[in-house]
Amino acid sequence: MKVDRLVRASLRVLLFLAAAASLAASPPPQTAPQPAAGKITALIPTGSVWREKKTYEAKKDMGVFWHDAVKPERGGRARLRLEDGSILNVGSQASLVVTKHDPGKQQTDLELIYG
C-alpha cells in the first residue's frame, strides 16, 4: 500500500514537471507583421530604421513596413521606393514614418517627424 502511494505520488510529480517543461519550451506569441510599404533603394552614407521599438541599421534593399521610421544620419540621405512606384527622398537627419500605404487605393499616410 505504501509503495502504491509512492508510485502514484512520483507519477504526479513527473506529470507536473513534464507539463511545466512543455509550457516553458513553447515560444512566445508573435505579433502579426506589418504590411510592406516599400524598400530602401539608396542610402548615403548610413541611417537607421526604427521598427517595433527596436532600431536597425538601414541597408540598401531593406524592406520598409507600415509604422517604420527611416532616419538618415547627419549629412546623409535615403531614397525609398513604395509599393506603388512612388519615390521618397529623406534628407539629412530627417525622420519619416510611413504610417500607411495602400497601393490598390493609391493612398499613403506619411509623418515627417523632423527634417
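Trainee: What makes Asp-68 and Arg-51 a salt bridge?

Mentor: In this predicted model, the closest N and O atoms of Asp-68 and Arg-51 are 2.7 Å apart. The cut-off is within 4 Å, so the pair qualifies.

Trainee: Which parts of the chain does this pair tie together?

Mentor: Asp-68 lies in strand β5 and Arg-51 in strand β2, so the bridge joins parts 17 residues apart in sequence.

Trainee: Why is Asp-68 called buried?

Mentor: Its relative accessibility is 2%, and buried means under 20%. Arg-51 has 17%, which is also under 20%, so Arg-51 counts as buried.

Trainee: How many salt bridges are there by this rule?

Mentor: The count comes to two. Lys-39 and Asp-61 also meet in a salt bridge, at 3.6 Å from N to O; the limit is 4 Å, so this pair qualifies. Lys-39 is in strand β1 and Asp-61 in the loop between β3 and β4, 22 residues apart.

Trainee: Are Lys-39 and Asp-61 buried, partly exposed or exposed, and how do you know that?

Mentor: Lys-39 has a relative accessibility of 37% and Asp-61 has 48%. Exposed means over 50% and buried under 20%, with partly exposed in between; therefore Lys-39 is partly exposed, and Asp-61 is partly exposed.

Definitions and conventions: Residues numbered from 1 in each chain as written. Predicted model: local features only at pLDDT ≥ 70, side-chain atom pairs only at ≥ 80, totals over all residues. Heavy atoms only, no water. Salt bridge = Lys/Arg side-chain N within 4 Å of Asp/Glu carboxyl O. Helix = DSSP H or I, 4+ residues; strand = E, 2+ residues; numbered from the N terminus. Buried < 20%, exposed > 50% of the residue type's maximum accessible area, 1.4 Å probe, protein only.
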